[in-house]
Amino acid sequence: MSVVVVGSMAFDDIETPFGKSDKIVGGAATYIAYAASNFVQPVQLVSIVGYDFPTDEMETLKQRGAVLEGIEMVPDKKSFFWSGRYHMDMNTRDTLITDLNVLGDFNPVLPESYRDAEFVMLGNLAPAVQKQVIQQMNKRPKLIVLDTMNFWMEVALEGLLEVISMVDVLMVNDSEARQLTGEYSIVKAAKKILTMGPKYLVVKKGEHGALLFHGNNVFFAPALPLEEVFDPTGAGDTFAGGFIGHLAKTKDISFENMKTAIIFGSAMASFCVEKFGVQRVKEVTKTEIEGRLQEFVQLVNFDIALG
Ligand code: AMP
């Protein structure tokens, strides 16, 4: 079972109240691929990089089960660059710089071997590119999940609304759900979003967990309380990788299984924040993931006598 993953591959420069990363490898697709590869392989990547993207990172991705045939390399341009600064709560951040560079004129061409994939994860990228990927699939995939961010709501809202209408699951954080709908209440925002096309909505709330909405059903997955959060960058993408990875592995897209998938997503995200950049997600082992899932079971397991 394969999964197609689309998204940015980038250099990030991250500042938190406790440290600074300098220029390190990041990007939505990079985080998603590392996380998803623990559950499903191959991870068929679609992205674009410049001459400066490190070849050893590509090699590591390959070793982790990623297929790179769908990654375009532009020899005379730089890779996408993003820089952000976290506030004291480590949950909210300001974007300082978004240099699209190669992302500015990306027209993805999906390799033939990708076009029958049943699971597609549209990670953070220009909505027009996300749409082009959907259009190049041979048949409608079993599940299309879309992640996006405030940046695209500001510069490409019309295109974003169009892609939203084409997918099964939308994944956004709470402030993005509010921005997209103009509703302060997350429940009201969710109701609106569920009329825009997706049948499922995941609202990520950083250290406060994630909510899954479907029809009139709501499910909540906590985030693991961690003593130290080093760098939250990529946590949302890592969450998405765990989420789609579990669904693609089990091939079950029921609401019940999506509940499990957001626990897998939360468990993967809890690793991501432990070190700067992709460092922790690329070294995590299956045993560590199982251990963390056990911690989640303990965290939410309780007996209650009703009636
Ligand atoms: P997250 O913390 O999960 O929201 O993801 C952070 C990652 O998204 C970073 O590694 C950035 O390189 C990448 N990113 C930031 N802004 C954008 C954007 N406008 N389009 C695509 N990727 C982005």
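**A walk from the core to the ligand**

Hi everyone, let's begin with one phenylalanine: leaving aside residues up to four places away in sequence, F243 touches V145, V169, M171, V202, M258, A261, I262 and G265. Please keep in mind that this is a predicted model.

Where does F243 sit? It belongs to the largest nonpolar core, a group of 61 residues, and together with L45 and V202 it touches the most other members. Helix α9, residues 255-272, gives this core its largest share, with 11 residues. There is also a second, separate core of 47 residues, and A10, I14, A117 and I186 are among them.

Now, on to the ligand. It has 19 residues around it, and the ones that come nearest are S8, D12, G27, G234 and D237. Which parts of the fold supply this shell? At least two residues each come from β2 (10-16), β6 (80-86), α4 (150-155) and α8 (235-250). The largest share is from α8, with three residues. If we sort the shell by class, we get nine nonpolar, seven polar and three charged residues.

Let's zoom in on some atoms. An N or O atom in the side chain of S8 is 2.8 Å from a nitrogen atom of the ligand. For W152, a side-chain N or O atom lies 3.2 Å from a ligand nitrogen. And for D237, an N or O atom of the side chain is 2.7 Å from an oxygen atom of the ligand.

How much of the ligand does the protein bury? Taken alone, the ligand exposes 500 Å², and the protein buries 94% of that.

Methods. Residues are numbered from 1 along each chain as its sequence is written. This is a predicted model: local features need pLDDT of at least 70, side-chain atom pairs count only at pLDDT 80 or more; totals for chains, interfaces and linings use all residues. Side-chain values use heavy atoms; hydrogens and water are left out. A residue is near a molecule or strand if one of its heavy atoms lies within 4 Å of it. A polar contact is a pair of N or O atoms within 3.5 Å; within protein, one must be able to donate a hydrogen and the other to accept it, and residues adjacent in sequence count only if both atoms are side-chain atoms. Accessible areas come from the Shrake-Rupley method with a 1.4 Å probe; for residues, only the protein chains shown count as cover. Helices (H or I, at least four residues) and strands (E, at least two) are DSSP runs, numbered from the N terminus. Ala, Val, Leu, Ile, Met, Phe, Trp, Tyr, Cys and Pro count as nonpolar, Asp, Glu, Lys and Arg as charged, and the others, Gly among them, as polar. A nonpolar core is a set of buried Ala, Val, Leu, Ile, Met, Phe, Trp, Tyr and Cys residues joined through side-chain atoms within 4.5 Å. Buried means under 20% relative accessible area, exposed over 50%, partly exposed in between (1.4 Å probe, protein chains only). Contact means heavy atoms within 4.5 Å.
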